[in-house]
Amino acid sequence: MGDLANCPRCNALFMKGAATVCPACVKKEEADFQTVYAFIRKKVNRTATVDDIVRETGVPEKQIRKFVKQKRLHPAHFPNLTYGCEKCGRSIREGRICEGCNQSIQTGLQREERNKEFSERIKETKKDYGRTYYSLDN
Ligand SMILES: [Zn+2]
Ligand SMILES: [Zn+2]
C-alpha cells in the first residue's frame with residue numbers, strides 16, 4: 001500500500017505508489033510527453049533546444065527537463081536537449097552534475113586527503129617535541 005501524499009503538480013491528495021504525481025497529473029504528463037514527442041520526432045525538430053520546445057508546444061520547461069532526466073527523451077537522439085546541473089545549473093546531458101562541478105568535487109576530496117595527511121604529520125611532529133613543549137609551557 002502506498003502512502004497518502006500531496007501531488008507536487010496540483011497539490012491534490014493521492015496514494016503515492018509507483019507514480020510521483022496524482023493520477024490526473026500522470027495523464028497530464030503523458031499528454032505533455034505526447035505533445036513534446038510529436039514535435040521533436042519530426043526530422044526538422046531533432047536538434048530543437050528545450051527553449052524551442054517550450055515555445056512551440058507550450059509544455060513547461062520543467063516538465064521537458066523531467067522527461068530528459070527520465071531518459072524518455074534521450075539526448076543521444078536529440079542532441080540539444082539538456083537539463084541543469086544540480087549544483088550550478090549549467091546545461092548538461094547526462095548524470096546529475098556538470099563536468100566542472102564533478103572536477104571541483106574531486107579536487108576538493110583530494111585537498112581534504114592532503115590536509116588530513118598534513119595534520120597527521122603535524123601531530124607526529126608535536127608528539128616528538130611534546131615533552132619539551134609542555135615542560136616549557138609549565
Ligand atoms: Zn496532481
Ligand atoms: Zn555544475
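Is Cys10 buried, exposed or partly exposed? Cys10 is partly exposed, with a relative accessible area of 37%. The close-ups below come from a predicted model.

**View 1. Four cysteines hold the zinc ion (ligand 1).** The donors are Cys7 (SG), Cys10 (SG), Cys22 (SG) and Cys25 (SG). They lie 2.2 to 2.3 Å from the zinc ion (ligand 1). Angles among the four donor atoms run from 107 to 116 degrees, and the site is tetrahedral. Along the chain, these donors follow the spacing C-x2-C-x11-C-x2-C. Cys7 is buried, because its relative accessible area of 1% falls under 20%.

**View 2. Four cysteines also coordinate the zinc ion (ligand 2).** Cys85, Cys88, Cys98 and Cys101 each give an SG atom, at 2.3 Å. The donor atoms subtend angles of 105 to 117 degrees, so the arrangement is tetrahedral. The donor spacing in sequence is C-x2-C-x9-C-x2-C. Cys98 and Cys101 are both buried.

**View 3. The largest nonpolar core has 19 residues.** Val36, Ile40, Ile53, Ile64, Leu73 and Leu81 have the most contacts inside this core. Helices α1 (23-40), α2 (50-57) and α3 (61-69) each supply at least two of its residues. The largest share, four residues, comes from α1.

**View 4. Leu73 and its contacts.** Neighbours within four places in sequence are left aside here. Leu73 then touches Phe33, Val36, Tyr37, Ile40, Ile64, Phe67, Val68, Phe78 and Leu81. Another core, of six residues, lies apart from the 19-residue core. Among the six are Ala5, Cys7, Phe14 and Cys25.

Key. Residues numbered from 1 in each chain as written. Chains lettered and ligands numbered in written order. Predicted model: local features only at pLDDT ≥ 70, side-chain atom pairs only at ≥ 80, totals over all residues. Heavy atoms only, no water. Donors = N, O, S within 2.8 Å, 3.2 Å for Na, K, Ca; no water. Tetrahedral: all angles 85-135°; square planar, octahedral: opposite > 155°, others 65-115°. Buried < 20%, exposed > 50% of the residue type's maximum accessible area, 1.4 Å probe, protein only. Core = buried A, V, L, I, M, F, W, Y, C linked by side-chain atoms within 4.5 Å. Contact = heavy atoms within 4.5 Å.
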